[in-house]
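Please read the following explanation alongside the sequence and the coordinates.

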Amino acid sequence: QAQLVESGGGLVQPGGSLRLSCAASGFPFSSYFMSWYRQAPGKEREFVASIATTGSSTHYADSVKGRFTVSRDDAKNTVYLQMDTLKPDDTAVYYCNAFRAFPRQESWGQGTQVTVSS
């Protein structure tokens, strides 16, 4: 059974950094497209960043471009989100997503809270 477990969230001051991790198990991690999403209170879940298999390409939401970096370690079945220059608007629950198109399979983690506040 596919499982994704996020960690690394917490409280940080504006301008600070956090590194989120998402440990995967129960599926062939290296074959999956991995993404990070976030959901702030009262708002819909939104895309943050993604990384293709083998790390061949990455994409970012405009709101985090230049501040966040997504990476993966297929040997450890883990995807990371390095978040720098954090802003209060980055406060949200961050979710990890695993996706494969053929056959279509998708899994979500339980989320980790990130709070940016002074």
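The paragraphs below lead through selected features in turn.

This is a predicted model, in which local features need pLDDT of at least 70, side-chain atom pairs count only at pLDDT 80 or more, and totals for chains, interfaces and linings use all residues. Residues are numbered from 1 along each chain as its sequence is written, and side-chain values use heavy atoms, with hydrogens and water left out.

A disulfide is a covalent bond between the sulfur atoms of two cysteines. Under the criterion applied here, a pair of cysteine sulfur atoms within 2.5 Å, the count comes to one disulfide. Its partners are Cys-22 and Cys-96, with sulfur atoms 2.1 Å apart. The angle about the S-S bond is -85 degrees, and the link of Cys-22 and Cys-96 is left-handed. Because Cys-22 belongs to strand β3 (residues 18-25) and Cys-96 to strand β9, the pair ties together parts that are 74 residues apart in sequence. Strands here are DSSP runs of E with at least two residues, and helices are runs of H or I with at least four residues; both are numbered from the N terminus. Accessibility is classed by relative accessible area: buried means under 20%, exposed over 50%, and partly exposed in between, using a 1.4 Å probe and protein chains only. Cys-22 has a relative accessible area of 0%, so it is buried; Cys-96, also with a value of 0%, is buried.

Another buried position is Ser-50, with a relative accessible area of 4%. Ser-50 is part of strand β5 (residues 46-51). Which residues does Ser-50 touch, not counting residues up to four places away in sequence? Taking contact as heavy atoms within 4.5 Å, Ser-50 touches Phe-33, Met-34, Ser-35, Ser-57, Thr-58, His-59 and Val-70.

The aromatic side chains form a further set of interactions. Rings of Phe, Tyr and Trp (its six-membered ring) pair if their centres lie within 6.5 Å; planes under 30 degrees apart count as stacked, over 60 as edge-to-face and the rest as tilted. The structure contains four aromatic pairs. In one of them, the ring centres of Tyr-37 and Trp-108 are 5.0 Å apart and the planes lie at 65 degrees, so the pair is edge-to-face. This pair links distant parts of the chain, with Tyr-37 in strand β4 (residues 33-39) and Trp-108 in strand β10 (residues 105-108), 71 residues apart. Tyr-37 is partly exposed at 23% relative accessibility, and Trp-108 is partly exposed at 36%. Elsewhere, ring pairs join Phe-27, Phe-29 and Tyr-32 into a cluster.

Charged groups also meet aromatic faces. A charge sits over a ring if NZ of Lys or CZ of Arg is within 6 Å of the ring centre and within 35 degrees of the ring normal. Arg-72 lies over the face of Phe-29, at 4.6 Å from the ring centre, while Arg-19 lies over the face of Tyr-80, at 4.0 Å from the ring centre.

Phe-102 and Pro-103 are joined by a cis peptide bond with omega of about -15 degrees, and Pro-103 is placed in the loop between β9 (92-100) and β10. Asn-77 has a positive phi of about 50 degrees although it is not a glycine. Asn-77 lies in the loop between β7 (68-73) and β8 (78-83) and, at 27% relative accessibility, is partly exposed. Thr-85, not a glycine either, has a positive phi of about 50 degrees. Thr-85 occurs in the loop between β8 and β9, and its 45% relative accessibility counts as partly exposed.
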